[in-house]
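These entries record a look at the pairing of aromatic rings.

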Amino acid sequence: MNDTGGLITPALVDLYLAPEEKSEALRALAQRLVAEGRVTDLDGFLADIAAREAQAPTGLGDGIGIPHCRSAHVTRPSLAFGRSARGVDFDAPDGRPADLVFMIAAPDGADDDHLRILAGLARRLMDPVFTGALREATDPSSVAALVNGDETAPPPGPAVVPAPAVVPAPAAGPAPEAPGHGGLRLVAVTSCPTGIAHTYMAAKALEQAAARAGAEILVETQGSAGSTPLDPAVIAAADAVILAHDVEVRDRARFAGKPTVDVGVKAGVNRADELVAEAARLAAQAGPGTVAAGTAAPSTVAPVAGSAGPGDSRRTNEHWASRLRKYLMTGVSYMIPFVAAGGLLIALGFAIGGYGIASAPSVLGHFDWTSSHSWAALLFQTGKTSFGFLVPILSGYIAYAVADRAALAAGVVGGAVAVAVGAGFLGGIVSGLAAGFLVLWMVRWRVPRAIAGIMPVVVIPLLSVAAVGLLMFVLVGSPIATAMNGLTDWLNGLSGTNAVLLGVLLGAMMAFDMGGPLNKVAYTFAAGALTAAGSTPDAGSLKVMAAVMAAGMTPPLGLALATVVRSRLFTREERENGKAAWVLGASFITEGAIPFAAADPLRVIPAGMAGSMVTGGLTMAFGSTLRAPHGGIWVLPLIGSPVLYVVAIAAGTVVTAGTVIVLKGLRRPAPAATEEASVPEATLVAA
């Protein structure tokens with residue numbers, strides 16, 4: 001690590017860190033990074049640090065705190081170090097304040113060399129000799145030299161820690177049975193959302209625990225510094241598997257049939273000895289005659305420290321709400337590129353070809369290279385095709401998050417059926433969860449070895465796809481269709497009685513499921529009324545269309561505004577999605593709010609409904625009219641009373657933003673923020 005002198009300098013070391021309050025201590029260390037040109041925006045960087053702290057505590061115990069994040073405000077991978085006489089509370093599992101505080105700052109685009117340096121540092125923090133030397137250091141230069149490797153310091157432990165008296169297995173032949181700790185062969189995977197700190201600390205802790213237990217272990221770190229997959233032969237020879245992770249383990253199917261301890265990454269850091277002991281117990285209990293049926297769940301999942309079984313939890317002691325949020329966020333993370341690409345292409349199509357481009361014939365066989373209208377139609381139709389994948393991708397990867405690759409087919413098909421029956425993104429969430437938990441149950445079936453080989457590729461996909469299809473077509477589709485027809489009839493009866501009330505109701509429907517059945521009923525009702533409007537400028541049907549489009553623009557615009565006003569309440573990916581939401585909302589693409597709603601429906605959907613209800617009611621009260629069935633800001637010349645129309649949209653946007661900020665601000669730290677129930681906000685959040 002001698003080439004790491006740029007990671008920390010004496011100026012980034014504070015041996016007398018004075019503040020005892022965490023936020024002030026973080027600011028003091030961050031100011032050193034700013035002074036050294038390592039951070040360009042103090043407040044922006046502190047917001048990113050605070051967002052990471054809100055996910056889960058960064059106190060490791062034993063007096064060590066590691067606040068860290070990736071941030072666009074960091075110019076190069078850096079470390080600031082503070083030593084506190086009284087300690088700073090980082091909510092460590094042992095309750096001990098941190099007297100050693102390591103602030104790790106990584107830029108969004110950090111190169112592999114620097115990330116490997118940070119990974120090596122994370123491993124060294126698990127060595128008491130290294131941390132003891134830091135506590136005894138007398139000047140900043142010696143601390144910087146110690147961290148940078150310029151002074152003698154304990155090197156990171158090897159990836160494989162053999163037992164002192166373990167006899168190596170022969171080159172060929174089956175793995176020997178390991179009834180106890182001695183001679184036990186283990187493999188492990190560690191991962192955290194950012195892959196900078198906990199990934200490597202957990203790996204080091206497991207290696208040390210295995211050595212103490214007289215066992216052999218090989219750890220695959222799925223972190224930012226790169227990952228070398230475990231050799232299939234090593235996995236085959238292993239007696240048990242330890243998965244310490246806060247994001248989904250890549251290629252989890254490799255471990256099918258192996259007794260597995262499955263916990264959050266912080267359990268790997270703080271309870272490594274317990275995990276090794278549990279792996280030994282499961283290895284001794286594993287029966288030789290049968291294997292797990294599928295690829296997502298292993299034959300045995302350890303209920304460490306009171307965890308629920310695999311059908312209830314894939315981590316130790318996770319709260320159900322935390323698990324649900326993680327499943328939803330996984331689906332959202334894969335769906336976002338389709339939202340951004342499709343929505344922006346549709347907006348470009350409207351910008352070039354006007355609102356009429358929505359009814360243009362297919363460009364297949366009707367494309368003119370010299371016609372702007374053809375290019376606009378191409379953009380619109382490509383974007384619309386991209387939007388067609390939103391719900392299937394959302395559903396498929398929710399199922400994937402629950403039960404890994406074996407559930408992907410059923411989840412995607414269920415999402416496609418949800419679209420076909422008009423169940424929208426809420427139907428996609430239902431189908432994804434149903435597919436995931438169905439497959440999670442199926443992969444736990446104990447089957448003969450002769451059948452196990454075809455279970456993940458034939459039996460599980462066949463049965464799960466058929467079951468989810470039955471659920472969505474028969475049990476979900478028919479009730480939705482009946483309810484939607486009844487709702488349309490009710491709206492037709494209401495339109496002549498109270499225009500403002502109708503606008504409020506239509507606004508609520510547009511924002512409730514953002515492209516789903518209620519949204520479609522409201523839009524179809526307005527579009528159907530528009531066809532009968534005739535040429536009367538102030539016809540009630542034109543007002544209905546204006547209210548529906550305005551209310552449909554409000555949710556993405558309000559959420560985009562919220563990501564600007566209180567960015568720390570949103571993940572990095574949500575903040576990036578907020579930039580696209582400005583364009584999507586302005587173009588009347590309500591689906592631009594789906595990533596936010598799918599990730600946090602209990603707060604985002606009510607906020608979106610509140611803003612859309614205000615906008616819908618105001619639009620009807622102002623008497624604004626609209627002759628076009630689509631287009632957003634691109635059809636402003638076709639809107640009656642355009643200034644008041646914009647006022648109504650702005651009012652709803654502010655209400656949505658304010659409501660979601662209040663609701664998210666009131667949210668207490670999730671139970672998963674504790675060591676015993678650790679879970680990330682999402683795979684796409686800094687950790």
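I began with the cut-off for burial: a residue counts as buried under 20% relative accessible area and as exposed over 50%, with partly exposed in between. I kept in mind that the model is predicted.

Entry 1. I searched the whole structure for aromatic pairs and found 11. I then looked up the pair of Tyr 334 and Tyr 400, which is edge-to-face, with 6.5 Å centre to centre and 80 degrees between the planes. Tyr 334 belongs to helix α10 (residues 320–353) and Tyr 400 to helix α12 (residues 390–403), so this pair ties together parts that are 66 residues apart in sequence.

Entry 2. I next looked up Phe 570 and Phe 596, an edge-to-face aromatic pair with 6.1 Å centre to centre and 85 degrees between the planes. Phe 570 is in the loop between α19 (540–565) and α20 (572–586), whereas Phe 596 is in helix α21 (residues 594–599), so the pair ties together parts that are 26 residues apart in sequence. I recorded Phe 570 as buried at 2% relative accessibility. Phe 596 is buried as well, at a relative accessible area of 1%.

Entry 3. I returned to the tyrosines and noted that ring pairs link Tyr 334, Tyr 397 and Tyr 400 into a cluster.

Technical notes. Residues are numbered from 1 along each chain as its sequence is written. This is a predicted model: local features need pLDDT of at least 70, side-chain atom pairs count only at pLDDT 80 or more; totals for chains, interfaces and linings use all residues. Side-chain values use heavy atoms; hydrogens and water are left out. Rings of Phe, Tyr and Trp (its six-membered ring) pair if their centres lie within 6.5 Å; planes under 30 degrees apart count as stacked, over 60 as edge-to-face and the rest as tilted. Helices (H or I, at least four residues) and strands (E, at least two) are DSSP runs, numbered from the N terminus. Buried means under 20% relative accessible area, exposed over 50%, partly exposed in between (1.4 Å probe, protein chains only).
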